[in-house]
Amino acid sequence: MDALEDGVVDGNAIGGLLIEVFGTEMTTAVVTCAQCGATGQVAELAVYRPGLGTVVRCRSCDNVLMVFVQIRSVTCVDLMGLAQLA
Amino acid sequence: MAWQTATVDSLVDETASVRTILLSVPDWAGHEAGQHLDVRLTAEDGYRAERSYSIASAPGEPVAITVERLDDGEVSPYLTEELRAGDEIELRGPIGGYFVWEPAFSGPLLLLAGGSGVVPLRAMLRHRSRVGSSVPVRLLYSARSWAEVIYRAELARLGDGVQVIYALTREQPPGWTGYARRADQAMITEVAWPVAQAPLAYVCGPTNFVEAVAADLVALGYPPAQVKTERFGATGTP
């Protein structure tokens, strides 16, 4: 079994988490990568879930766009890799 | 979106390792074809596991999910082997606004399923039937063997306007004349609606399947915005 529990998925898989964090459906929101400027819908981003937390990467340049870590009832959110989320 | 407690109404064995669970969900707001819900199991020691499952039923039908038992799964063995009618499970949903099909969307529909990726596509087919839509549909369904095809009987009676094409990748029944290999560019080229007809494609299944098939469609000239993808992760090999 490799380090990732289920291999790479996409933003559809974190639809529920995103509703929890942002309060609304986000899979059709458009993301702009802060590193390469690529845009795409959240549903189509590469999502990695290495057991503790969720990492969302840009498909064009692999830059980490978003990181979510849930510890007990607190969700830590890091969006520093995004230039824009609309 | 709150977690709520649902009750299992009934269970349907689809294949040796796949079961459909029909649920009563008290505060269900309705759903769209292609959406999913999240299930949360809590063990006696407080350990929690969450998983997402595509909704197998059409809007207006009772909520149902179809679960494949994974040998090393944490949640699927419980859902497919232990759960009984009358049991309760925690879930939240419906979730998802991207991988959704509505009859109002124009263009012939191309559905491409890898294994259990057929589940949300089946919801779309049921929705299409229920509303009496005449949008032409082709479903390419890749499975390891005939025994592992989910919803076999239902797919056989879909009727006019829906073509189902199977690719059985590991084992084929005697006399099989259909595809006997994994989806590749040649197969996609043969099966896909011509680009000129402005088709809409939905690809769902293991990540490798989805990425290969989506790339093949784009290589054929499908605009990327007309190819919707939902990756289930590395669930088993073809």
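This briefing walks through a predicted model with chains A and B.

Local features need pLDDT of at least 70, side-chain atom pairs count only at pLDDT 80 or more, and totals for chains, interfaces and linings use all residues. Residues are numbered from 1 along each chain as its sequence is written, while chains are lettered from A and ligands numbered from 1 in the order in which they are written.

**Domains of chain B**

- Chain B splits into domain 1 (4-95) and domain 2 (109-231); such bounds come from an automatic or database domain assignment.
- The domain centres, taken over C-alpha atoms, are 24 Å apart.
- Domain 1 of chain B brings 16 residues to the contact, and domain 2 of chain B brings 13 residues. Two residues are in contact if their C-beta atoms, placed from the backbone, lie within 7 Å.
- On the side of domain 1 that touches domain 2 in chain B, β1 and β5 (64-68) each supply at least two residues. Helices (H or I, at least four residues) and strands (E, at least two) are DSSP runs, numbered from the N terminus.
- That side of domain 1 of chain B holds seven nonpolar, six polar and three charged residues. Here Ala, Val, Leu, Ile, Met, Phe, Trp, Tyr, Cys and Pro count as nonpolar, Asp, Glu, Lys and Arg as charged, and the others, Gly among them, as polar.

**The largest nonpolar core**

- The largest nonpolar core has 78 residues, and L111(B), L121(B), V203(B) and V213(B) touch the most other members.
- Helix α2 (residues 118-131) of chain B gives the most to this core, with six residues.
- Both domain 1 (4-95) and domain 2 (109-231) of chain B contribute at least three residues each to this core.
- A nonpolar core is a set of buried Ala, Val, Leu, Ile, Met, Phe, Trp, Tyr and Cys residues joined through C-beta atoms within 7 Å.
- A residue is buried if 20 or more other C-beta atoms lie within 10 Å of its own, exposed if 12 or fewer, and partly exposed in between; C-beta atoms are placed from the backbone.
- Take L111(B): setting aside neighbours within four places in sequence, its contacts are L121(B), M124(B), V137(B), L139(B) and Y202(B).

**Strand β6 of chain B**

- Strand β6 (residues 88-95) of chain B runs antiparallel to strand β1 (residues 4-15) of chain B, and four bridges join them. Two strands pair if DSSP finds at least two bridges between them.
- In this pairing, Q4(B) sits opposite L91(B).
- Strand β3 (residues 36-42) of chain B is also antiparallel to β6(B), again with four bridges.
- Here H36(B) faces I95(B).
- P94(B) belongs to strand β6 of chain B. A cis peptide bond links G93(B) to P94(B), with omega about 5°.

**The sheet of chain A**

- Five strands form an open sheet in chain A, in the order β1-β4-β5-β6-β7, with antiparallel pairing.
- Its edge strands, β1 (9-10) and β7 (74-78) of chain A, each pair on one side only.
- Strand β6 (residues 64-71) of chain A joins β7(A) through five bridges in the antiparallel sense. V67(A) stands opposite D78(A) in β7(A).
- Helix α1 (residues 15-22) of chain A packs on the sheet and touches β5 (54-57), β6 and β7 of chain A.
- The direction of α1(A) makes about 95° with that of β7(A). Axes are lines fitted to C-alpha atoms, for helices over the stretch in contact, and angles run from 0 to 180 degrees between N-to-C directions.

- G15(A), G16(A), L17(A) and L18(A) are buried in α1(A).
- The buried residues of α1(A) pack against β5 and β6 of chain A, and also against β3, β4 (48-54) and β6 of chain B.
- D62(A), in the loop between β5 and β6 of chain A, is not a glycine, yet its phi is positive, about 70°. D62(A) counts as exposed because it has 12 C-beta neighbours inside 10 Å.
- R72(A), in the loop between β6 and β7 of chain A, is not a glycine either, and its phi is positive, about 50°. R72(A) counts as exposed because it has 5 C-beta neighbours inside 10 Å.

**Where the chains meet**

- Chain B gives 17 residues to the contact, and chain A gives 17 residues.
- On the chain B side, β6 and β11 (227-231) each supply at least two residues. β11(B) gives the most, with three residues.
- This side of chain B has six nonpolar, six polar and five charged residues.
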